[in-house]
2 protein chains.
Amino acid sequence: MDAVVQFFEVLPLPPAGRWPTADAIAVVDVLRATTTATMMLHHGAKAVIAVADRSLAQAIAEEEGAILGGEIGGLRPPGFDLGNSPREVDAAVVSGRVAVLFTTNGTRALCAAAAAGRAAAVAAVNASAAIRWLASSGNVIVACAGERGGTAFALEDFAVAAHLAQQLVQQVPEVALGDGARLALALPEPLRLARRARHAAELEALGLDGDIAFALRPDLVDLVPVVVNHGEGWARLEAVHA
Amino acid sequence: MDAVVQFFEVLPLPPAGRWPTADAIAVVDVLRATTTATMMLHHGAKAVIAVADRSLAQAIAEEEGAILGGEIGGLRPPGFDLGNSPREVDAAVVSGRVAVLFTTNGTRALCAAAAAGRAAAVAAVNASAAIRWLASSGNVIVACAGERGGTAFALEDFAVAAHLAQQLVQQVPEVALGDGARLALALPEPLRLARRARHAAELEALGLDGDIAFALRPDLVDLVPVVVNHGEGWARLEAVHA
């Protein structure tokens, strides 16, 4: 790996105000928005447009003739073509199409990150590719999407960020670390810990336990959804093979 | 211990907006505001008034004829009687007096917590007393003060929160846990980890390494500074022996 990364930080929550300066920002909403966005591109979607607001998502989908996917409270909202299940992303449906994705935490955090710097969606399924993508920038951040619109901490996102941190530091031991990254490095077996998250229990209660197992399997694909364009409340992501 | 605690959560940062509902909120700014507030009461101060703003702190100190202590960037601001060193709190100076304390993170978080519910200042030096105080309420939160006005994560505060979480769960294994508490419980040797915080390195660079060793020694005293009165930008804390 041709690493140039010099400083690495993990944000336990997306910043409420100004984001710190960074050359690359990876947003994690492993259950399930960033996992689903990754699988949409893997199954041939031309782009995923992450949208911060439901009605804007519907408007963009209509304008673009795009597939509309997402969730509110874990469930597919009325009028949406797809829910937010990474397992159920079907090449027959998304291949060659643009997909618009709206969720209550991950897509909002992606839009905020896109406004702050060069941003991407990362998850366990593309962890190693995400590390290669991050390591090619100098000052990098992994931002956890959290829950309740990014105001509350979500264990599963921090756990995946910790998995990324541990792999990155193994490969680039000399990288300087922020306090969030130091916490992440101290955490034993992060991907196991992710299963104990409150949101994992909620998805199980909805019969979606298959999504948890799927979303926490690392390195299923080698692409990173990277923001190529963005505006107020939306960010367009396309596949970068890293 | 006559524990009634039913739900326990750790907030990695103080909430930017609305605080979650809780019966008791413990604020940690171990380096050094909550440690210093504890030591002021231990050395006989009648009360500590935590103030969110420097000029308000100066006005309150003048009005109350109080000792004025605090820091900006680790150092005693001009015109203040004391800095923010828990080691340097002197009974000869504070005994029988009211102390006003202003710092850039901890006293702000205390004022915000006081507005949200029954609040106290906790640190390593009063960890066991803090656990006894917390365990007597049903729904409890430990909020980390963080840094940069509470917008950035501080490892040392989360580490002390993790120490509290681990002790509490040992004593009350049936307590329900939020995601922040689950992360805290997964952390090995939290008080050791606190020494690796960025802010610890900054204090060392200022020649204040003695404060770090002092602040991370658990259970030096058995009192908890509890908010007894508060208003816009200030909270008055008095000793509760727990």
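Contact here means heavy atoms within 4.5 Å. Keep that in mind as you click around this predicted model, where local features need pLDDT of at least 70, side-chain atom pairs count only at pLDDT 80 or more, and totals for chains, interfaces and linings use all residues. Residues are numbered from 1 along each chain as its sequence is written, chains are lettered from A in the order in which they are written, and side-chain values use heavy atoms, with hydrogens and water left out.

**Stop 1: Asn105(A)**

Select Asn105(A), in the loop between β5 (98-102) and α4 (106-116) of chain A. (Helices are DSSP runs of H or I with at least four residues, strands are runs of E with at least two, and both are numbered from the N terminus.) Is Asn105(A) buried or exposed? It has 14% relative accessibility, so it counts as buried. The cut-offs are under 20% relative accessible area for buried, over 50% for exposed, and partly exposed in between, using a 1.4 Å probe and protein chains only.

Now show what surrounds it. Leaving aside neighbours within four places in sequence, Asn105(A) is in contact with Asp29(A), Ala145(A), Gly146(A), Glu147(A), Arg148(A), Gly149(A) and Gly150(A). Zoom in on Gly149(A): its backbone nitrogen lies 2.7 Å from a polar atom of the Asn105(A) side chain.

**Stop 2: helix α2 of chain B**

Hop over to chain B and pick residues 54-64, helix α2, where Ala57(B), Ile60(B) and Ala61(B) are buried. Look down the axis of α2(B): the buried residues fall within an arc of 100 degrees, so they line one face of the helix. (That arc is taken from the directions from the helix axis to the C-beta atoms.) Those buried residues pack against β3 (47-51), β4 (67-70), β5 (98-102) and β10 (234-241) of chain B.

Just after α2(B), click Gly65(B), which takes a positive phi of about 60 degrees.

**Stop 3: where the chains meet**

Show both chains. How many residues does each one give to the contact? Chain A gives 18 residues and chain B gives 18 residues. The area buried between them is about 1,700 Å², with carbon and sulfur atoms giving 71%. (Buried area is the accessible area, with a 1.4 Å probe, that two parts lose on being put together, summed over both.) Finish by selecting Phe153(A), Asp179(A) and Leu183(A), which supply 35% of the area that chain A buries against chain B, more than any other three residues.

Conventions. Polar contact = N/O pair within 3.5 Å; in protein donor to acceptor, adjacent residues only side chain to side chain.
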